[in-house]
Amino acid sequence: MKWFKRLAAALVALIAIAAAIPFFVSLDQFIPAIEQQASARLNEPVTVKSLQFSVLPVPHLTVDGITIGKALDIKLGTVSITPALLSLLSETRVIKSIELKSLELTPRALEKIPVWSKQGDAGAAPLVRIESIRLDDALVNFDKTAFGPFDGRVSLDSTGHPIDALLTTQDGKLRISVKPDKANFHFDAVAKGWTPPVGPPIEFDELVIQGVATLDGADFSQIAAKLYGGTANGKATAAWRKGLQVKGRFELQQVELKSLVPLVSPGTKVSGQLNAQPIFSAS
């Protein structure tokens, strides 16, 4: 049995060496070329802190410290890319998964992403096809508040187009599912005990939203909520190509004003219950 123990020890040593090799092979020499090509494509400055290749548990590339934009509108902690190795020899490279950790966005970045997504030759064969995307600890920073942290999962078909997506806040208060349909995205959102990150800090006991979104805006065909002892039902539209713009119509029933009004108009004291059909528009 001594030969078996020696063989096992040798295999362990080989695995340890294989795992350690990537830490001694620097890929930083490729960073300037990557930054240059990415900056040219996005028309925004792109910086990368480091590149690292690892063979365990599966061969993958890790990119650390990515920033995009002069005002750092997009920041990424790490991006892990796992390729299908045999596809590297073909015309179209296949990425089995992309994992993004600690993504931070600003509203300015949300305006730019639709523009970036439309760039390129739509008729050309894709150089890279992605099978799945995973998002962990993402955050959208507004001026005085933030949305998140949240996690996301996106599945893509054999042509690289999204099949479905799921977004959940880490506190479990909001869940959004999305199913693409050509240029549109059908979505369902369900929230409990949730306060929107922008606008008055109104807390929704329950909130259900259904609608269709594009890269330019969204049509909320059904909005149903329970809040402050009453209900709200209505419709709304939103546009975000040039800043966030929202307008809609609601029917409010038996909404208690004592707790709600100070959130909308600080210092104002009103009691009673509200039944109304307000029309609103905001930017």
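Is aspartate 136 buried or exposed? In this model, aspartate 136 is buried, with a relative accessible area of 11%, where buried means under 20% relative accessible area, exposed means over 50%, and partly exposed lies in between, using a 1.4 Å probe and protein chains only.

Before I go on, a word on the basis. This is a predicted model, in which local features need pLDDT of at least 70 and side-chain atom pairs count only at pLDDT 80 or more, while totals for chains, interfaces and linings use all residues. Residues are numbered from 1 along each chain as its sequence is written, and side-chain values use heavy atoms, with hydrogens and water left out.

Let me begin with the chain as a whole. Its secondary structure comes to 4 helices and 17 strands, these being DSSP runs numbered from the N terminus, with helices (H or I) of at least four residues and strands (E) of at least two. Of the 283 residues in the chain, 28% are buried. The accessible surface comes to about 17,900 Å², and 61% of that belongs to carbon and sulfur atoms; these areas come from the Shrake-Rupley method with a 1.4 Å probe, and for residues only the protein chains shown count as cover. Among contacts (heavy atoms within 4.5 Å) between residues at least 6 apart in sequence, 38% join residues at least 24 apart.

Now to the charged side chains. The structure holds 4 salt bridges, a salt bridge being a side-chain nitrogen of Lys or Arg within 4 Å of a carboxyl oxygen of Asp or Glu.

Aspartate 136 takes part in one with arginine 134, at 3.1 Å from N to O, and here a buried aspartate 136 meets an arginine 134 that is partly exposed, with a relative accessible area of 36%. Aspartate 136 also forms a salt bridge with arginine 153, at 3.3 Å from N to O. Arginine 153 is itself partly exposed, at 33% relative accessible area.

Another salt bridge joins lysine 226 to glutamate 206, with the closest N and O atoms 4.0 Å apart. This pair, too, links distant parts of the chain, with lysine 226 in strand E13 (residues 217-227) and glutamate 206 in strand E12 (residues 204-213), 20 residues apart. Lysine 226 is partly exposed at 44%, and glutamate 206 is partly exposed at 36%.

Finally, through salt bridges that share partners, Arg134, Asp136 and Arg153 are joined into one network.
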